[in-house]
Amino acid sequence: MTRRIYRGTDIEVSFDGDLCIHATECVRGLPAVFDRERRPWVFADNATAEEVSAVIERCPSGALQYRRLDGAPNEPTGPVTTITAGAWGTAARARVGPSVNCRAQRMAVV
Ligand code: SF4
């Protein structure tokens, strides 16, 4: 699936359904903005850009991302996370950055 764009006045939201793990942080966090029963399911202007960005930063998969259109800082990015596959295909070792927010990190499987 390609990333779809939902543009509001002060914030642009994008969504990649292939990454969504259905943790429902979005729909529980801001149901007026994120409503899976409505089309389009994202209506960014139903909350402030601060509220929308705060909920998107809780999306654990990175399926939701945002770009601020009001001059406020965009989404923070973190260090790269590396996972090394061990024998029998199991993850034997992981090196993660200091952030407790896994979403803010970029993952590479080697
Ligand atoms: S918070 Fe992210 S992973 Fe969870 S349902 Fe929403 S888009 Fe999907």
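## Salt bridge between R58 and E25

R58 and E25 form a salt bridge, with their closest N and O atoms 3.4 Å apart; the term stands for a side-chain nitrogen of Lys or Arg within 4 Å of a carboxyl oxygen of Asp or Glu. The pair links distant parts of the chain, 33 residues apart: R58 sits in the loop between α2 (49–56) and β3, and E25 in helix α1. Relative accessible area is 43% for R58, which is partly exposed, and 26% for E25, also partly exposed. Here buried means under 20% relative accessible area, exposed over 50%, and partly exposed in between, with a 1.4 Å probe and protein chains only.

This is a predicted model, in which local features need pLDDT of at least 70 and side-chain atom pairs count only at pLDDT 80 or more, while totals for chains, interfaces and linings use all residues. Residues are numbered from 1 along each chain as its sequence is written, and side-chain values use heavy atoms, with hydrogens and water left out.

## Other salt bridges

The whole structure holds six salt bridges. In one of them, R67 pairs with E12 at 3.2 Å between the closest N and O atoms. R67 lies in strand β3 (residues 64–68) and E12 in strand β2, so this pair ties together parts 55 residues apart in sequence. R67 is partly exposed at 38%, whereas E12 is buried at 14%.

R68 and E50 meet in another salt bridge, 2.9 Å from N to O. This pair also links distant parts of the chain, with R68 in strand β3 and E50 in helix α2, 18 residues apart. R68 is buried at 9%, and E50 is partly exposed at 49%. Shared partners join the salt bridges of R7, E12 and R67 into one network.

D16 is in the loop between β2 (11–15) and α1 (25–29). D16 is buried but has no salt bridge, and R3, the nearest side chain of opposite charge, is 4.5 Å away; Lys and Arg count as positive and Asp and Glu as negative, with His and the chain ends not counted. The D16 side chain reaches the backbone nitrogen of D18 at 3.0 Å.

## Chain as a whole

The protein chain has two helices and six strands, in the order β-β-α-α-β-β-β-β from the N terminus. Helices (H or I, at least four residues) and strands (E, at least two) are DSSP runs, numbered from the N terminus. Of its 110 residues, 31% count as buried.

Notes. Polar contact = N/O pair within 3.5 Å; in protein donor to acceptor, adjacent residues only side chain to side chain.
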